[in-house]
Amino acid sequence: MSSMEQTSQDRSAELLEQVRSALASKTPLRIRGGDSKGFLGRAVQGQDLSLAGHEGVVDYDPAELVVTVRAGTSLARLDAVLREQGQWLPFEPPEFDGRATVGGAMACGLSGPRRPWSGSLRDYVLGCRLISGLGTHLRFGGQVMKNVAGYDVSRLMVGAQGCLGVITEVSFKVLPRPRSTHSLVLDAAHEDLAGLLRQWRDQSRPISAMSWQDGRLHVRLEGGESSVRLAREELGGEPLDASYWDELREQRLSFFQGPGSLWRIALPVDAPAQRWPGAMLADWGGAQLWLKSDATPERIHEQARELKGHARCWSGPRAGQDELPESLLAWHRRLKDQLDPSHIFNPGRLFAASGSEATCKHI
């Protein structure tokens with residue numbers, strides 16, 4: 001056994017012991033990886049439970065397109081390992097200056113510009129290990145894609161923001177990197193996005209990303225060399241530096257630095273184009289809007305609901321204060337009661353703390 005493996009095993013035991021101690025004393029825990037997404041959700045008052053040191057690749061089989069990695073491992077390090085084999089995580093999770101970890105990526109469920117064409121993070125989770133609210137270290141799922149009887153608990157952890165348990169390991173399906181890629185930019189109106197998307201889909205264009213801002217449509221083509229070359233010749237436009245997509249994914253474009261609260265608005269793919277109260281950047285072919293605005297939250301939420309979408313304040317004075325719909329909130333509370341009955345994991349982060357969470361010992 002290598003010294004790194006021994007250290008990680010010791011770290012697993014330490015994490016389990018810290019959870020059991022917190023359960024005994026009813027002490028809330030604030031689960032922390034690289035803390036790159038600490039701005040998401042409500043602030044958590046609790047004792048830090050850090051995944052630092054719990055890192056490394058547990059198993060990687062390039063031929064089977066499967067990797068299992070400890071939750072404290074940085075996404076940048078995992079990407080470097082996969083890159084050596086010409087593979088990657090196709091859902092493009094943001095790395096946030098190298099601080100983002102595997103566990104944090106799974107807990108927050110963020111996917112990059114490729115999401116509508118390649119699938120979300122949830123689609124590539126094969127299994128995980130989890131320290132439960134009963135003080136047990138459990139394994140869910142496996143290392144193969146298959147149909148299972150019952151609910152896939154490992155995918156339930158995606159987007160739960162650590163409220164249901166401590167993720168210690170994750171198994172992902174990975175894919176080969178595309179052989180050819182080319183990015184371009186065209187002039188287009190926002191209301192033309194849906195029509196262009198349908199047209200290019202019917203023509204089987206090898207599109208893997210599509211964003212719009214201020215009358216400029218950014219498109220990424222990926223796939224075989226001949227298909228990318230043909231699409232590039234027929235679509236025309238101006239060449240676009242490929243780094244644009246990294247800047248968009250990592251929210252480093254100048255748009256994200258401008259004044260006003262930043263909102264993330266998720267919409268159905270067939271939602272009609274509308275004017276919004278502020279500066280707008282459309283990602284995912286228009287299904288995800290980023291809005292910089294000083295408008296009232298009530299106005300933004302109302303417009304999103306009218307389009308059968310959902311708005312979330314990403315940064316600004318009201319970040320993390322958005323309430324889940326009542327029907328969804330009821331399910332979240334029931335899951336919390338079952339998987340974390342003492343309500344010690346990130347209490348209040350995903351939704352406002354209720355009675356049993358409020359009884360935890362605050363520190």
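Reply:
**The aromatic rings and their setting**

Six residues form one aromatic cluster: Phe-39, Phe-96, Phe-255, Phe-256, Trp-290 and Trp-314. Keep in mind that this is a predicted model.

Now widen the view. A search of the whole structure finds 8 aromatic pairs. One of them joins Phe-91 and Phe-172. Their ring centres lie 5.7 Å apart and their planes meet at 50°. Planes under 30 degrees apart would count as stacked, and over 60 as edge-to-face. At 50°, the pair is therefore tilted. This pair links distant parts of the chain, 81 residues apart. Phe-91 sits in the loop between β5 (87–88) and α3 (102–108), while Phe-172 belongs to strand β8. Phe-91 has 1%, so Phe-91 is buried. Phe-172 also has a value of 1%, so Phe-172 is buried too.

The charged end of Arg-115 sits over the ring of Trp-284, at 5.7 Å from the ring centre. Arg-334 lies over the face of Trp-331, and the distance to the ring centre is 4.7 Å.

Go back to Phe-172 and its strand, β8. Strand β8 covers residues 166–173. It runs antiparallel to strand β4 (residues 66–70), and 5 bridges join the two. At one of these positions, Thr-68 has Ser-171 in β8 as its bridge partner.

Where does β8 stand in its sheet? The sheet is open and has 5 strands, in the order β3-β4-β8-β6-β7, with antiparallel pairing. Its edge strands are β3 (57–61) and β7 (137–141), and each pairs on one side only. Neighbouring strands of the sheet are turned by 10° against each other on average, direction ignored. In a regular strand, side chains alternate between the two faces of the sheet.

Another strand is worth a look. Strand β10 spans residues 180–187 and is mostly covered, with 6 of its 8 residues buried. It has an antiparallel partner in strand β12 (residues 216–223), over 8 bridges. It also pairs in the antiparallel sense with strand β13 (residues 238–239), over 2 bridges. Val-185 shows both pairings. Opposite Val-185 stands His-218 in β12, and Glu-238 in β13 stands opposite Val-185 too.

Last, step back to the whole chain. It has 12 helices and 17 strands. Its C-alpha atoms fill a box of roughly 65 × 50 × 40 Å along the principal axes. A compact globule with 363 residues would have a radius of gyration near 21 Å, and the chain agrees with this at 21 Å. Buried residues make up 50% of the 363 residues. Among contacts with a separation of 6 or more, 68% involve residues 24 or more positions apart. The pair of Phe-91 and Phe-172 likewise links distant parts of the chain.

Technical notes. Residues numbered from 1 in each chain as written. Predicted model: local features only at pLDDT ≥ 70, side-chain atom pairs only at ≥ 80, totals over all residues. Heavy atoms only, no water. Buried < 20%, exposed > 50% of the residue type's maximum accessible area, 1.4 Å probe, protein only. Helix = DSSP H or I, 4+ residues; strand = E, 2+ residues; numbered from the N terminus. Pairing = 2+ DSSP bridges. Axes fitted to C-alpha atoms, helices over the stretch in contact; angles between N-to-C directions. Phe/Tyr/Trp six-rings, centres within 6.5 Å; stacked < 30°, edge-to-face > 60°. Lys NZ or Arg CZ within 6 Å of the ring centre and 35° of its normal. Rg over C-alpha atoms; globule rule 2.2 N^0.38 Å. Contact = heavy atoms within 4.5 Å.
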